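Thanks for passing this one along.

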Amino acid sequence: MDSLPWILLLLPLASAAAIKLAFARAGNLSALLATFTAAALFAGSLLLLRAGEVHPAPLDWARAGGWSIELAPKVDALAAGMLAVVTA
């Protein structure tokens with residue numbers, strides 16, 4: 001469950017890249033992939049809504065010397081609810 005926020009964050013980017021690079025001329029496949037991506041995002045948002053607060057592992061974005069910048073999505077009940085509303 002900890003990796004689900006990262007998957008939901010990167011899934012639209014991966015879908016858009018696949019549509020642009022691989023399915024640019026196949027309109028039906030592009031539409032099908034976009035529809036399944038939207039359905040997967042909605043299902044994942046419902047899983048997050050049911051799970052409540054999730055703290056995914058942070059990603060090291062930059063590191064220099066003794067300091068580092070980490071990225072981590074914060075998913076609480078409000079964020080999960082808004083994600084479910086937006087993807088529905």
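1. Starting at the N terminus, the elements of the protein chain come in the order α-α-β-β-α. That makes three helices and two strands. Please keep in mind that this is a predicted model.

2. On overall shape, the radius of gyration of the protein chain is 16 Å, whereas a compact globule of 88 residues would have one near 12 Å. Along the principal axes, the C-alpha atoms fill a box of roughly 50 × 35 × 15 Å.

3. Burial is worth a look too: 20% of the 88 residues of the protein chain count as buried. The chain exposes about 6,200 Å², and carbon and sulfur atoms supply 69% of that area.

4. The largest nonpolar core has seven residues, namely L4, L8, L41, L48, V54, V75 and A80. Helices α1 and α2 (27-51) are the elements that give two or more residues to this core.

5. Is L8 buried or exposed? L8 counts as buried because its relative accessibility is 11%, under the 20% cut-off. This residue lies in helix α1 (residues 4-21). Beyond residues up to four places away in sequence, L8 touches A40, L41, G44, S45, L48 and L83.

6. V75 is another core member to click on. Leaving out neighbours within four places in sequence, V75 is in contact with P5, L48, G52, E53, V54 and A80.

7. Finally, a word on charges: the mean positions of the 5 positive and 5 negative charges of the protein chain lie 16 Å apart.

How values were computed: Residues are numbered from 1 along each chain as its sequence is written. This is a predicted model: local features need pLDDT of at least 70, side-chain atom pairs count only at pLDDT 80 or more; totals for chains, interfaces and linings use all residues. Side-chain values use heavy atoms; hydrogens and water are left out. Helices (H or I, at least four residues) and strands (E, at least two) are DSSP runs, numbered from the N terminus. Buried means under 20% relative accessible area, exposed over 50%, partly exposed in between (1.4 Å probe, protein chains only). Contact means heavy atoms within 4.5 Å. A nonpolar core is a set of buried Ala, Val, Leu, Ile, Met, Phe, Trp, Tyr and Cys residues joined through side-chain atoms within 4.5 Å. The radius of gyration is taken over C-alpha atoms; the globule rule is 2.2 Å times the number of residues to the power 0.38. Accessible areas come from the Shrake-Rupley method with a 1.4 Å probe; for residues, only the protein chains shown count as cover. Lys and Arg count as positive and Asp and Glu as negative; His and the chain ends are not counted. The place of a charge is taken as NZ of Lys, CZ of Arg, CG of Asp or CD of Glu.
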